[in-house]
Amino acid sequence: MTDETRAKRPHRTPHWRRDVVELAALFTAVATADCVANTVAHGPDGPAVLVASAAALLAATGFHTWWARRDAAREPAAQETVAVAPGAPGGGTALWRMRTTVRDEPGSLAALCLALARHHVDILALQTHPLADGAVDELLLRAPEALTDAELKEAAAAGGGSATWLERADAHDLVDAPTRALTLATRTALDAAELPLALRQLFGRCTIRSTPARSPRNGAPADPVPAEGLWEDTVLRLPDPSGGTITIERPYLPFTPTEFARARALVELDSRLGPRVPPRSDVLTLPEGNEITVRRAGTGDLAAAREMHDRCSATTLARRYHGPVGDADRYLRHLLSPRFGRTLAAHTSSGRLVALGHLLWDGEETEVALLVEDAWQRRGVGGELLGRLVALAAEAGCESVYAVTQSSNTGMVAAMRALDLPLDYQVEEGTLVVTARLARPRVPVLPAAVTGGATAWPVSPKS
């Protein structure tokens, strides 16, 4: 307690000592000044020397003041010059997505950032994909509008980046990665049909195919995929929870282990939740006064769809399937699966299924198809389903939708014309293909094909 108390006592120096020292210094200064003044004043030309000294001191003071003001005026001018220098962001900016490979060494990311900063490039977001012998950095950049992609790649190379890939970004890319992943997971959890769309938005420009376990045409089994999936550079293959295989291709950019893990997580979430379709339904009143209920259909509607098939005439089935129907169960199971598109069903007030509308993913374009029971044809049911299917295609970012029918099927042609969209007509050997052009998506699409029963989903913009 004694030591602690002593440590807290401040050591105070009496004020009179400091005052004595200051007075002594003052007396010494006055005596020195008086001695110098007497010596100069009593010497030859003493007054002149004093006046000249005073003038020199005043001149030095004035020069110093002018120089200080000159430097202060020069700094804002320099800052203004930098702000409008060529390549600075003052002339407008553009968003870019960059992916480059850097060495897995301390300071490699700092070198890349410094190289981009020399070109006035601002890094808005950064994701790192670890590799065995390095790391892939995915950056969202805000760069001057005048900066070209070649200059950005040169800057990345100067910072130690290699295999650099660039594409223009938009405001949707400003959403951070965790938020985007949670949004895609939520959409997948609410609707099984959202899995392909979620994968497409997760990876950007890519081609996604869904191959059924057995071909709906000849019943041949597809090649199996391990439960953990396969990763082959630019191709990912994952087991489809509903059977078959989901294939994701991106030829212009290899996948990373991180992206493979993200895709597997979405597919596993879909598998754990099982088949599900949103319960939403709309009740519509037809021009003649009858009411129908339109809702999403799935594999659970297979029995009702088969019964409707049995009530349809051979002519109606031939117009829908362009020939005889061999195995209706296999065709309907394929069409009702959410992996190959979306299906809308129309029910009467008694609950009987009377019409099906299919939206089938088919590369850049998307096919629409209608099957309406004979007793309910030309009553506006097909037109209601077609309008809703086209709206779903537009939401998915499709460029166009097309319908394959016969030239004699005037009902389908009239329904397509009622969409009030630009239409293209092609007739080949009695088959009529009517294509409706939708609003062009913001992100360009890559061509994709349908081979061996594998359906390719189109590329959609990021949301």
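Helices, as the term is used here, are DSSP runs of H or I of at least four residues, and strands are runs of E of at least two, both numbered from the N terminus. In the predicted model, Asp-420 is found in the loop between helix H13 and strand S15 (423–428). The backbone of Asp-420 has a positive phi of about 60 degrees, although this residue is not a glycine. With a relative accessibility of 70%, Asp-420 counts as exposed. A positive phi of about 60 degrees is also found at His-120, likewise not a glycine. His-120 belongs to the loop between helix H4 (108–117) and strand S2 (122–130), and its relative accessibility of 32% places it in the partly exposed class.

The chain as a whole contains 13 helices and 17 strands. Of its 463 residues, 40% count as buried. Among contacts with a separation of 6 or more, 66% join residues 24 or more positions apart.

Two helix pairs that share H7 were examined. Helix H6 (residues 177–190) packs against H7 at an angle of about 165 degrees, and the two axes are 8 Å apart. Because of this angle, H6 is roughly antiparallel to H7. The crossing of the pair is left-handed. On the H6 side, Leu-184, Arg-187 and Thr-188 take part in the contact, and they meet Glu-194, Leu-195, Leu-197, Ala-198, Gln-201 and Leu-202 of H7. By class, the residues of this contact comprise five nonpolar, two polar and two charged.

The second pair consists of H7 (residues 194–203) and helix H8 (residues 257–273), whose axes come within 11 Å and cross at roughly 165 degrees. H7 and H8 are therefore roughly antiparallel to each other, and their crossing is right-handed. H7 contributes Leu-195, Ala-198, Leu-199, Leu-202 and Phe-203, whereas H8 contributes Glu-259, Arg-262, Ala-263, Leu-266, Val-267 and Asp-270. Eight nonpolar and three charged residues form the contact of H7 with H8, with no polar residue among them.

The largest nonpolar core has 36 residues, of which Ile-292, Leu-359, Val-368, Leu-386, Val-401 and Met-416 touch the most other members. Two or more residues are given to this core by each of the strands S10 (291–297), S11 (341–348), S12 (353–362), S13 (365–372), S14 (400–406) and S16 (431–437), and by each of the helices H12 (381–395) and H13 (410–417). The largest share, seven residues, comes from H12. For Val-401, with neighbours within four places in sequence left aside, the contacts are Leu-359, Thr-366, Val-368, Val-390, Ala-393, Met-416, Val-434, Thr-435, Ala-436 and Leu-438.

A further site concerns Cys-312, located in the loop between helix H9 (302–311) and helix H10 (314–321). The relative accessibility of Cys-312 is 9%, so this residue counts as buried; the cut-off for that class is under 20%. When residues up to four places away in sequence are not counted, Cys-312 touches Leu-317, Leu-371, Glu-373 and Asp-374. Cys-312 and Val-354 are 42 residues apart along the chain, and their C-alpha atoms are separated by 9.5 Å.

How values were computed
Residues numbered from 1 in each chain as written. Predicted model: local features only at pLDDT ≥ 70, side-chain atom pairs only at ≥ 80, totals over all residues. Heavy atoms only, no water. Axes fitted to C-alpha atoms, helices over the stretch in contact; angles between N-to-C directions. Parallel < 35°, antiparallel > 145°, perpendicular 65-115°, else oblique. Left-handed = near helix turned anticlockwise from the far one by under 90°. Contact = heavy atoms within 4.5 Å. Nonpolar A, V, L, I, M, F, W, Y, C, P; charged D, E, K, R; others polar. Core = buried A, V, L, I, M, F, W, Y, C linked by side-chain atoms within 4.5 Å. Buried < 20%, exposed > 50% of the residue type's maximum accessible area, 1.4 Å probe, protein only.
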